[in-house]
Amino acid sequence: VRRLTTSVAEVVHSEPEARWIVAHAAGLSPRSLVSVLDTAVSEQTSETAHLMARRRADGEPLQYILGTWSFRHLEVIVDSRALVPRPETEQVVEVALAEIRRRASGSGAVPTRPMVITDLGTGSGVIALSVALEMGDSVAAVWATDVSPAALDLARDNLAVLARSHPAAAARVHLAPGSWFDALPEDLMGQVQVVVANPPYVSAREWSGLDPVVRDYEPHSALVPGVTGLEAFEILIAQAHRWLVPGGGLVLEMAPHQAATLTAMAEGAGYGDVTVHGDLSGRPRVLVARSAHV
Ligand SMILES: C[S@@+](CC[C@H](N)C(=O)[O-])C[C@H]1O[C@@H](n2cnc3c(N)ncnc32)[C@H](O)[C@@H]1O
């Protein structure tokens, strides 16, 4: 194991990534690798690890090569059908859960119907699945939508995995194809407690300067909504208040440099209590705006 890890590290130029690859090829967790360093590996493990290392050296994201990645309490399938879930999105879920709990506990307007949450642009499904899992039955339904059939397919696969371990949580998730709010059934209009989205927000110019590991492998439509990077926010902010209950929350992931623009956009559109929350490194990352027509 030690020798294999060293030779993989030489190919991928990273010790930690070599440990991930060897552990995955051997069917172990990266943490347990250290206790088997002097153990023999099978030819099959060695071959698999070297194939994975080659793909990584060619520039493919580690997560796509491993095929699964952890996100909060989930272990999700990740592949080129959708964006690799990012740690900052785990923080977006944290903010969304606080907003949902606030609604559930009756702060602001008291919910009179079972809570409905939406995750628009669900990709691998991580936000919707986390909300369904972590909120338990205080949430009645989580609508997860995406315009990309491939992404929705991946979300369906991840939902099937969740259904095996947590059938009740999985049963609360509804997948729907379509662009932003067009994907939702009309009878949800005015009924949604919290709208969460991590939409594409990279401008066309920023995209050309992105790290090739992102630019050349992750879906362009998951990253770039248009020339300015603000196009998806414009739609979400303009339309969310029609779908939210009075006082309901809109929770959006954004790039740190977009905070002032989006705050002004939300306030200009008539939302109240507009706040910005930081990611783990303290950079502005999540916008919360409440539908003001209470
Ligand atoms: C930044 S990714 C986020 C994926 C996932 N929610 C996450 O946080 O990892 C944006 C997602 O929005 C989807 N998307 C792009 N345009 C859309 C549209 N018009 N309507 C719905 N979803 C869209 C993309 O397919 C992609 O899955």
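Which residue in strand 7 does V192 stand opposite?

**View 1. Pairing of strand 6 with strand 7 in the predicted model.** V192 stands opposite L244 in strand 7. Strand 6 (residues 192-197) runs parallel to strand 7, and five bridges join them. Two strands count as paired if DSSP finds at least two bridges between them; strands (E, at least two residues) and helices (H or I, at least four) are DSSP runs, numbered from the N terminus.

View 2. L252 stands opposite L287 in strand 9.

**View 3. The buried side of helix 13.** Within helix 13 (residues 259-268), the buried residues are A259, L262, T263 and A266. These residues lie on the same side of helix 13 because they cover an arc of only 105 degrees around the axis, taken from the directions from the helix axis to the C-beta atoms. The buried residues of helix 13 pack against helix 12 (231-243), strand 8 (272-278) and strand 9 (284-290), where contact means heavy atoms within 4.5 Å.

**View 4. The opposite face and the end of helix 13.** A260 and G268, both exposed (over 50% relative accessible area), are carried on the face turned away from the buried side of helix 13. G270, with a positive phi near 95 degrees, follows helix 13.

**Notes.** In this predicted model, local features need pLDDT of at least 70 and side-chain atom pairs count only at pLDDT 80 or more, whereas totals for chains, interfaces and linings use all residues. Residues are numbered from 1 along each chain as its sequence is written, and side-chain values use heavy atoms, with hydrogens and water left out.

Terms used: Buried means under 20% relative accessible area, exposed over 50%, partly exposed in between (1.4 Å probe, protein chains only).
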